[in-house]
Amino acid sequence: MPQIVVQNIIPHQSSWQKELGQVFTDPEKLLQYLAIDPTEYQASFKARKLFPVRVPVPFANRMVQGDINDPLLKQVMTSSDEFITQAGFSDDPLEEQDTPVPGLLHKYDNRVLLMLRTACAVNCRYCFRRHFPYQDNSVNQQGINEALDYISAHPKINEVILSGGDPLMANDNHIIRLIESLSTNPNITRLRIHTRLPVVIPSRITDELLNALKTAPFNVIMVMHINHGNEIDTEVATMAQSLKAANVTLLNQAVLLKDINDDESSQITLNEKLFAAGIMPYYLHLLDKVNGAVHFDVPEKSAINLMHQLYRQLPGFLVPKLVREIGGEAHKTPIDLGLMPN
Ligand code: SF4
């Protein structure tokens, strides 16, 4: 069995921080770990120059040994197809690289999006921010203070969305301090956290974090990012239950990905498993047309057909909204399905 790359082991780290350091950055080693002969996939490894590989061990452990088509592996594995260029695809499909304060996006009147951390625990190959100039938008404490000042100076803002990268890459002390600061602003009624970290490393939801979320004076919503039912194992379900017990509203947004979750069975299983874990299906995103992700794209017509099947098979509350982000638009655009939801 090949060695797992172990990075930055520092004494006194909590368990999630140790797991964060146990990560595959070499696609060849990941394939060997999964008992897949890497010989015929050498050409695909060059795509790591386009976007680094990063796969934590707890996520790799949910992949099926020996299966190159595993739906979790395909989300994180390099592909020669990443070199394909196509009209309509760009480096910044959401046209969001214009920020009032570094790390702060103010796209909506009453909401701001704060990029608390610029890295992720996992690098998803379809990520719409794979070309984002994170180095220009990294947020230090001074940046956070500027963002808080900006939020205070705009009293219409009642919701702060923590995004990234992945905001839960910040340590608990950092997040607790931010919650305390936001607590002094009476306009804030909601804190929303967009994260994939607890899905790939469930131990990220610590008791300290749970306590801070439970005692916050505003509603806390955590929007998970789970694309396939196989991502939800017992540990993830237990993590979700602990968040629910701390009064956190749990939603999920998934991305519709070709040959990963673009069939009826995968979607039914995903949404049933989400609900069983206490997470409500929220959005199903059409792919953001980012360079390097052409091979993940599902045509809109196929997505609409899939949605029709889901409405026939699932109760309405288990069917996520099909949406697309359009560059420059302030909000997501719902896709017209041509039918009334039941
Ligand atoms: S977790 Fe989200 S932001 Fe991070 S790489 Fe994946 S899709 Fe991109």
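**Exercise 1.** State the volume of the largest pocket and describe its lining.

*Solution.* The largest pocket holds about 910 Å³ of space. A pocket here is an open set of points on a 1 Å grid over the protein atoms alone, where a 1.4 Å probe fits, with protein on both sides within 12 Å along at least five of seven lines. Its volume is the space filled by probe spheres set on the points, which are joined across faces, edges and corners. The model is predicted: local features need pLDDT of at least 70, side-chain atom pairs count only at pLDDT 80 or more, and totals for chains, interfaces and linings use all residues. Residues are numbered from 1 along each chain as its sequence is written, and side-chain values use heavy atoms, without hydrogens and water.

Next, take the lining (residues with an atom within 4 Å of a point). It comprises 45 residues, with Phe-128, Arg-129, Ser-163, His-194 and Gln-253 nearest the centre. By class, 22 are nonpolar, 11 polar and 12 charged.

**Exercise 2.** Identify what takes up the largest pocket, and list the residues around it.

*Solution.* The ligand takes this space (more than half of its atoms lie within 2 Å of the grid points). Around the ligand are Cys-120, Val-122, Asn-123, Cys-124, Cys-127, Arg-196 and His-225, each with a heavy atom within 4 Å of it. This shell has 4 nonpolar, 2 polar and 1 charged residues.

**Exercise 3.** Describe the second largest pocket.

*Solution.* Its volume is about 340 Å³. Of its 17 lining residues, Ile-68, Lys-74, Met-77, Thr-78 and Ser-79 lie nearest the centre. The lining splits into 6 nonpolar, 6 polar and 5 charged residues.

Notes
Nonpolar A, V, L, I, M, F, W, Y, C, P; charged D, E, K, R; others polar.
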